[in-house]
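Subject: A structure for you to explore

Hello,

Here is the structure I promised to pass on to you. Please open it next to this email and follow along as you read.

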Amino acid sequence: MNYAAADVKRLREETGATFADCKNALSDAVTWEEALKLVEAKRDKKAQKMQVADRETKQGGIFSYIHHNHSVGALLELNCSTDFVARSEAFRKLASELALQIAGAHPAPKYINFEDVPAEVIAQARKSIEEDDPSMARVPADKREEVINNKLKKNLGEQVLMMQPWVKDDTVVVGDLVRKVIADTGENIVLRRFSRFELGK
């Protein structure tokens with residue numbers, strides 16, 4: 001598509017991507033929507049590379065959020081590879097958003113990633129799907145395992161922080177927020193642990 005410098009600036013403001021990535025996306029895309037998708041795909045690819053890279057994440061910090069009426073709060077440890085990123089605005093903003101999500105999401109998250117869900121919880125959920133879900137009777141045998149896995153992720157995903165819709169925009173999942181900062185900073189970022197506190201519970 002034809003584009004001007006103002007378009008590159010706008011795309012950078014909307015996505016937070018680099019100048020080069022925005023320029024390449026606009027050059028390759030036919031429409032603005034396609035350019036947005038190309039930038040997001042590039043960012044996700046960068047994030048995946050950083051997440052699988054065997055880099056230590058010993059820097060970071062402890063962050064918290066307490067609701068204005070002091071009825072609910074969250075405490076978390078967010079890690080990265082360098083002190084430089086740990087002190088960056090992007091990293092600290094991400095930590096604040098995660099703390100807000102933990103405190104404000106309904107249902108409240110119990111696990112960070114789907115891989116953290118205990119095997120016995122998955123087994124119980126699987127049993128419930130197989131025995132109590134009437135729609136399973138119509139699923140072909142060769143599709144059964146795929147359907148069960150999709151249902152497991154949908155049902156249990158509500159309790160998994162990285163799979164939850166963002167409280168500020170339910171079209172975005174929390175994991176996307178983390179992947180964006182990973183791609184932007186070029187460092188792996190790991191939520192190590194969290195605790196949620198609610199008055200009287």
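A polar contact is a pair of N or O atoms within 3.5 Å; within a protein, one of the two must be able to donate a hydrogen and the other to accept it. Keep in mind that this is a predicted model.

With that definition, you can look at the loop between β1 (59-66) and β2 (72-80), where asparagine 69 is found. The side chains of asparagine 69 and serine 71 are joined by a polar contact of 2.6 Å, which counts because 2.6 Å is within 3.5 Å. Asparagine 69 is partly exposed, with a relative accessibility of 44%. Histidine 70 also lies in the loop between β1 and β2, and this residue is exposed, at 61% relative accessible area. Its backbone deserves a look too: histidine 70 is not a glycine, yet has a positive phi of about 60°. As background, most residues other than glycine have a negative phi, and most peptide bonds are trans. That brings us to the peptide bond from histidine 106 to proline 107, which is cis, with omega near 0°. You will find proline 107 in the loop between α5 and α6 (119-132).

Now for the overall layout. The protein is divided into domain 1 (3-50), domain 2 (57-109 + 158-196) and domain 3 (117-156). Taken over C-alpha atoms, the centres of domain 1 and domain 2 are 24 Å apart.

In case the term is new to you, a disulfide is a covalent bond between the sulfur atoms of two cysteines.

Finally, the charged residues. Side chains of opposite charge can pair when their charged atoms come close. A search of the whole structure finds 10 salt bridges, and here are some to look up:

- Aspartate 83 and arginine 87 meet through their side chains, at 2.7 Å from N to O. Aspartate 83 is partly exposed at 39% relative accessibility, while arginine 87 is exposed at 52%.
- Glutamate 97 and lysine 168 form a salt bridge of 2.9 Å, N to O. This pair links distant parts of the chain, 71 residues apart: glutamate 97 sits in helix α5 (residues 89-104), and lysine 168 in the loop between β3 (165-166) and β4 (169-173). Glutamate 97 is buried, with 12% relative accessibility, whereas lysine 168 is exposed, with 52%.
- Glutamate 198 pairs with lysine 201, and their closest N and O atoms are 3.6 Å apart. Glutamate 198 is partly exposed at 31% relative accessibility, and lysine 201 is exposed at 79%.

Enjoy looking around!

Best wishes

Conventions. Residues numbered from 1 in each chain as written. Predicted model: local features only at pLDDT ≥ 70, side-chain atom pairs only at ≥ 80, totals over all residues. Heavy atoms only, no water. Salt bridge = Lys/Arg side-chain N within 4 Å of Asp/Glu carboxyl O. Buried < 20%, exposed > 50% of the residue type's maximum accessible area, 1.4 Å probe, protein only. Helix = DSSP H or I, 4+ residues; strand = E, 2+ residues; numbered from the N terminus. Domains from an automatic or database assignment.
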